[in-house]
Structures are given as structure tokens and as C-alpha cells.
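Me: I am new to this structure. Could you show it to me and take my questions one by one?

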Amino acid sequence: MQDHPGLRRRGFLTAASGIGALALVGCGDSDDSGSGGSGQGGDSGDGKPRRGGRLRAAFAGGGASETLDPHLANLFADVARAKALFDKLADYGDDLSAQPRLASGWEPNAGLDRWKVTLRKADFHSGKPVTAEDVLFSYRRIADPEKAFRAKASLEPIDLKASRAVDERTVEFVLKRPTAEFPNVLAAFGAYIVPDGSSAADFDKKPVGSGPFRFVSFAPGRSAVFRRNDDHWDGAPHLDEVEFVVANEESARVNALLGGQVEYAHELNPTTARAHEGKGQIEIVRLRNSAMQAFAMKTDRAPFDDKRVREAFFLIADRQELVDGALSGAGVVGNDLFGKGYEYYADGLPQREQDLDRARSLLKKAGAGKLKVTLDTSAVAAGFTEAASIFRDQAARAGVTVDVKMGSKDSYWADILDSGTLCCYRSGAMPIESHISQRLLTGSTTNATKWQHKDFDALYQQAQSTKDEKERAAVFGRMQRRLYAEGGFLVWGFADWIIGTAKGVKGVDRKAPANTLDWARFDKVWLA
Amino acid sequence: MSGLGTWAARRLLLGGAQTVAVVLLVFALTEALPGDAAVALAGDQPDPARIAAIREAMDLDRPAHERLGDWASGLLHADFGTSLASGRPVTSYISGAFGPTLLLASLTVVLLVPLGVGLGVLAARFEGRFVDRLVSAVTLGVYAVPEFAFGVLLVTVFALRLDWLPPTAVGYGTDLLAHPAALVLPVLVLLSRPVCSLSRLVRAGMIDALASPYVAQAMRYGIPGARVRHAHALPNAVAPAAQQLARTVDWLLCGVIVVEALFVIPGLGTVLMNAVAERDVPVVQGLAVVFGVVTVVLNLGADLVAHRFAPRAEVAA
């Protein structure tokens, strides 16, 4: 209990945010309009949905400084609440591809730098229809240069001055450069649509959205009660009401669930999950591939500026041991690439295994026989310190001395961005395209591996200006093969996100990684 | 009484100075922490441009002494400033969270005094016999258990196994009086340690007092034993206990952090934890002022009580 849960969560979430920031050039295809969408969560064995009841869901929260302003959403609790009250134009499906929501479709021009987005017929809780003006108002609010709203960076590709409402339900977005993956921008974390003219004061008192639930009451850091919106475009929720309660301590969330005080507890520990899985008292839901777990090597400085050393480190890691030790087994091994199971993931590459002999010979060739490195870690995220000490022991077997250095957890992410050579790293779910644009381009703002290659940047531009989806996938594949061979991220695993529910809760999605459309989605849940 | 008046005034003045010192120290320490609110808010998306923008929006780019000056001058008008994280006034944080913490603390104190004094007197009355040994063993044993562990134990047994009480106060908000069952376990955890220390102290004081010449003299006059114990010996035992009690109340305000986290009670401890994590300096400072003032006032009160009950103890200012 030493660590401050609030922060850990904040850290994690932030990773997942900012999706699509800096989406550069693009291209893309237009298809897509009405496809997919709304994953109906649950497995088929849940029976026929039953209407009615109030579901109480416990999340870790931000205490008294919480707000219902969806553009300020920071924590998982904020996102879950924003998702109940508001809609975005698009959201991420289970494979992190953009699925239409308020947008019924999108159509680029040939140059992929002008996108016509059509809105579906939907109403705000006030009864007013959602219009193109509301969309532009919301995006302009997020992009306000005076403010630091989270989705601002994601909306950067849009030239909002030139964009306009063609008619009531059509927006024409003018982009600064071709962007094939533009729908990712529409799905960006925090890019919610609010009514034209909303002000910050409205959100705390009486937030009006177009989401599946209407506002009833809110006490920051304690509870938020929302009621079913019978007129929601995606169908009315099964529940009468949903109440979000805040409990920062994991043990409190578990106890409240076991004691019948809540029906849904977000973010449980693997040990808790093991203790209760299959015991019949509560249900444990594991959302796979929710968090990438990695070590980040700074590729612009010794010893990692030599790609043989990086490869040696790839070969030092015993991934299963790391998953078992640092994640208590709640996860799967990684293959040095982000986004297992996501759209465009290069899953054809052979799984990397520990090979200490080859690692030693690579190090010798690189003239790094008696290598000493400092590994930065911190209690900022679950499993970080454990992963560091496990890796130190694995490295010792290859003759590498790893010196583990504990950093402050409150400023960890800012500290490791530019300093050090090797550090523990993790990231929440986001499209692979966003991971690349945010972290692996020369101009990326959070490039922790200092992966800066003009030819790699060019490949990204090429992907974003390729309209054909197959060709685009091939370009993303090429980029990933390069990263697999000599990148800076040693991705050793993907952690499960663990949720507990009471026995009678049905329709909880079991596949959606944390932060995607069907995660924490209460309009599709019912109480049996 | 005028002597007592100047003494109290001197104590108040000293208390004021102590509060100011606490505030300055807290400001200096939060400044010295690595990272600021902007870095904490940016989390693992530490885009330098974004951090700079947040910093500017929060006025963190101004020098520390200016921010301290503004804040201190606002304090003179009971204006605690606004939270960096939410922009809401700090007073709303404090007033919103004060209720649950105060309720927990006062319930604990109300039960603590009779329980602690009663156990202490009981043990002293039967010094060295079975009752004394039982009370001493139990109080020492319970004292040794950390609150968090004790709380988890109580929840597991009384809430999850026996299903007698709710395991947490989640969803009840600040209106805890409407759910008295939810208060039982938190108050028990809060009581566990102070009851032990207080009863040990009262026991020791009573034993000393009972062995003193003036009690022996009173006995020789034939004054009944109960009267000697309660009217003559107890006040002398209570004087140090009152000061211990004041210290306990300070501690309650802090110990409450553990209890609030464990039982999900939205009080001052929760606010403080979040504010520190977010580097929300104005909130931390506001709480420091509140805690500082409470501590000073309580200790002053305790010294007055001690002064009144045992003037010969020469309570130092």
C-alpha cells in the first residue's frame, strides 16, 4: 500500500491518451462509413438483456479535483463518466481501429487532406440535435491555444480555421497534410462533442451531452449518478441508473464488491483476481493486451547507439519470467513491438526467445564485453520495480551489470524522457499509427527511445498518404520489421486489465482493451 | 486569573508563530519536491510543450516568492486560493471534507475518554492482579498492530465473513450519520491505538497517585476508597492524560488518512493524499494551515486543562 494509487493510474492513462497526436500525413481510404461500430460487448452466454436497476461501479479517482468536463478527462474514472454522458465522432474498436459513433461516415478527397464527415441523427439531452456547429465548437474549445486540453495535440492535423460546416449534419475538415488515419483523430482520447456554447461552469452543474446516460448528480471524488437516456441513438441502456463511486485503495474496491456495495470494480490486482477467479463469489474479467510493458533503450547514446547491443538486450530478456514475476502472470509475452492484436500489428514475425550465448557474442563484437548500464525505474506503475530486478538478474547471466536506480514516481515520465540510457516503460492502448507518430518520429514529443531516422519518418509519411488499405498495412509492416530488428523498445509483455463484477452483472465486454469503446461501457450492461 | 490570561495569550502568540512556520515549511518542502503540478498532470505524456502550457495556465511560471506572497495575503481575508488541478476554491475542498473527518475524530474521542480512563483506572485498582494483567496484555497487543492491518482484519471478519457490517462506506458520501453501521469499523480502528496508550498512561498516573503521601493521608482520615481514587488521585492522573489526548487528536487527523483510504470515507486525509500526488500546492497549504491551527488550539486547550487540574505540575508555556 506504499504507492499512491491515484498517480499510478494517472500515469497509465496519460499514456493512452493523446492518441493520434501528430498524426502526420495521410492517406487513407474512405471506406468505412457505417462499418462496425458498437461492439455489443458480452459473450453470447449472458442471455437476454433485462431492463432496469442501478449498477454501482467503483473506480480509482482523482478526489475532490474531479470534474465532468469531458475535455479534461484524465483518469479512467473521468473517461468512464465522460463516455456515459457524451459521445465522440468515433471510438476505438477492440483492435484499436476507429469505429464510427456520432459520425455515420467519413469520406476523404483524393489528396487525403480534406475529409467530409457526416453526422448521424442524434440529440443532446436538452433535445437539441447534434449539429456540425457543435462539432466545430467542441474541437475549437479543445484546440484553444490558451488552454492545455488533453486532446489538443491529437487534433493538431486539423486546420480548424479552414474547416467548416457544409450543412447541419456535414462537417468538412481541412487538414494541414494528408492523413490516411484521420478517423483515429476523431476517436482521440478526450475529443468529446459538447453543445455549442458550453462553458466550464456548465459541466460541473448540469452537463449536457448526447451520451447514453443523462446527468442526475455529481459530488467530486465521491459519487456521480446518471440516468438512462431513452432517446440515445444507439438504443437506450438496459440499466435505469449507473452510479460511479470512487475508491482509490484496491482493497476497498474489492471489499465493496465482495460485500455487495458495488457491482463493478475497476482495476484489480492479479493476486486478488487469482484468489477469487472461479470461486463463484464474483466474476473476474481480464481484458487482454491493455498495457504494453517494456524497457526503453535510448538509441542515440552509448551503449545503445550500437544496434548489436540493442539486439543483445532483446536476447537477454526471458519474457515469460518477466510476465510471471512482474505481472504475477496476468499477461502475455511481447515480441518487441507495440500493439499485439491491434490493427496493422506485424504478427508474422518469429517470437523472440532468450538466447544468452548469442547475446554474449553480440556484445563481444560490439566491444561491450563487460557492459555496465543503469536501469531507471520507479514505483510509478505496477510491476516496474519487480521487472527491473528480474531483468538485472537475467542480464547478469549474460555478463552485463545492470544497476537499478529508483526514481521519483511523480515526475518519472518527465525525468526519463531525455535523460538516462535504459528505463522501464509502459503504455496504454492506442492505435499503432499513434504509437509511431507520438514516440518514434524525429519530431515526436515523447520520443523516449530517441529513435530518429529520416527514412523511418518518410515511411510514416508514405503510410499516411497511401489510400489503399493493403498497401498501407504493408508500409506499417515494414516499419515494424525495422523496429523488431533494431528498435529501442524491448517490449517484454502485455498486461491484462482486471475487472471484478458481481454475479448478476451481464454484458461486460471481455475483449476490449482498457480505453477502447467497449471498455467501461455501461449502456450495454444489465443486471440479471 | 490575569496570570493565566497572559499565559494563554503568550501561548496563542506562540501558536500563531508555529502555524506560520508550518505553512512556510510546507511551501518550501512542496517546492523542493521533484516535479510540479504541471509535470504531475502531464503524467506519462510529458510533452515539453504541453507541460509548459499547463505551467503557464496554472501561473506556475511565476517565481515562488510571488506565489507565496499572493497566497499569504489572500489568507488574511480567509481566501485560501484555488486548486491548481480543478480551479475550484480550496475552501470548498476543506469544508467538503471536514465533516467526515470531524465526525470520525469526535466519535473516537467521545468513546476514547471513558474507555481509556475506565480501563486505566480498572487496571490501576487491581494492580498486579489478573484484571490488570489482562488489560495490559490486550492493550499492549492491540497497540502493536498497525492500523491498516487491523482494519483489513476487522473488515474480513465482521464484514465479509460474518456479514454484520458494511465493509466500506463507498457511495455514502459525506452523509455518514445516515449509515451508522458503516462507522463502526472505522471508529474501532481509530480507537484501537489511542485507547491503549491512554489507558496505560492513566494506569501509571493512578498507581503513582495512589502511592503518594497525600492519598495515604486521605486514607488515614478515613475518606472512602472510591472517593480518594476519583476525587483525589484521578485528577493527578488525568493531567498528563489530557495532554496525551490532545496529541491523540492531532494523530487522529493523520491516522484518519489510513482509515479513510481503507473504508472509502471522503475526508481531509483523502484530500491531502490526492493533493500531494497532484502537487496541488494551494490545497496542501490550505490543509497545512487547518491542521496547524487545530494542533495549536488543541494543545493550548490541553495545557489549560492540565493547568486547571494539576497547577503544581508547572505546565511550561
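This is a predicted model: local features need pLDDT of at least 70, side-chain atom pairs count only at pLDDT 80 or more; totals for chains, interfaces and linings use all residues.

Me: How many helices and strands does chain A have?
Reply: Chain A has 15 helices and 21 strands. Helices (H or I, at least four residues) and strands (E, at least two) are DSSP runs, numbered from the N terminus.

Me: What makes chain A as compact as a globular protein of its length?
Reply: Its radius of gyration, taken over C-alpha atoms, is set against the globule rule, 2.2 Å times the number of residues to the power 0.38. For the 528 residues of chain A the rule gives 24 Å, and the radius is 23 Å. The two values are close, so chain A is as compact as a globular protein of that length. Along the principal axes, its C-alpha trace spans about 70 × 60 × 45 Å.

Me: Why is A:V246 called buried?
Reply: Buried means under 20% relative accessible area, exposed over 50%, and partly exposed in between (1.4 Å probe, protein chains only). A:V246 has 8%, so it is buried. It lies in strand β12, residues 241-246 of chain A. Across chain A, buried residues make up 64% of the 528.

Me: Which residues does A:V246 contact beyond its sequence neighbours?
Reply: Contact means heavy atoms within 4.5 Å. Leaving aside neighbours within four places in sequence, the contacts of A:V246 include A:F59, A:R81, B:V170 and B:V264. A:G63 is 183 residues from A:V246 in sequence, yet their C-alpha atoms are 7.7 Å apart.

Me: Why does A:M479 count as buried?
Reply: Its relative accessibility is 0%, so A:M479 counts as buried. The residue sits in helix α15, residues 469-486. Not counting residues up to four places away in sequence, it touches A:I436, A:F456, A:L459 and A:Y460.

Me: Where does A:Y344 lie, and why does it count as buried?
Reply: A:Y344 lies in the loop between β15 and α10 of chain A. At 14% relative accessibility, it counts as buried. A:Y344 is not a glycine, but has a positive phi of about 75°.

Me: Which residues touch the most other members of the largest nonpolar core?
Reply: A nonpolar core is a set of buried Ala, Val, Leu, Ile, Met, Phe, Trp, Tyr and Cys residues joined through side-chain atoms within 4.5 Å. The largest has 113 residues, and A:L89, A:Y139, A:F173, A:F295 and A:F313 touch the most other members. Apart from it lies another core of 58 residues, among them A:F213 and A:L258.

Me: Which peptide bond is cis?
Reply: The bond from A:A302 to A:P303 is cis, with omega near 0°. A:P303 is in the loop between β14 (282-297) and α8 (307-316).

Notes: Residues are numbered from 1 along each chain as its sequence is written. Chains are lettered from A and ligands numbered from 1 in the order in which they are written. Side-chain values use heavy atoms; hydrogens and water are left out.
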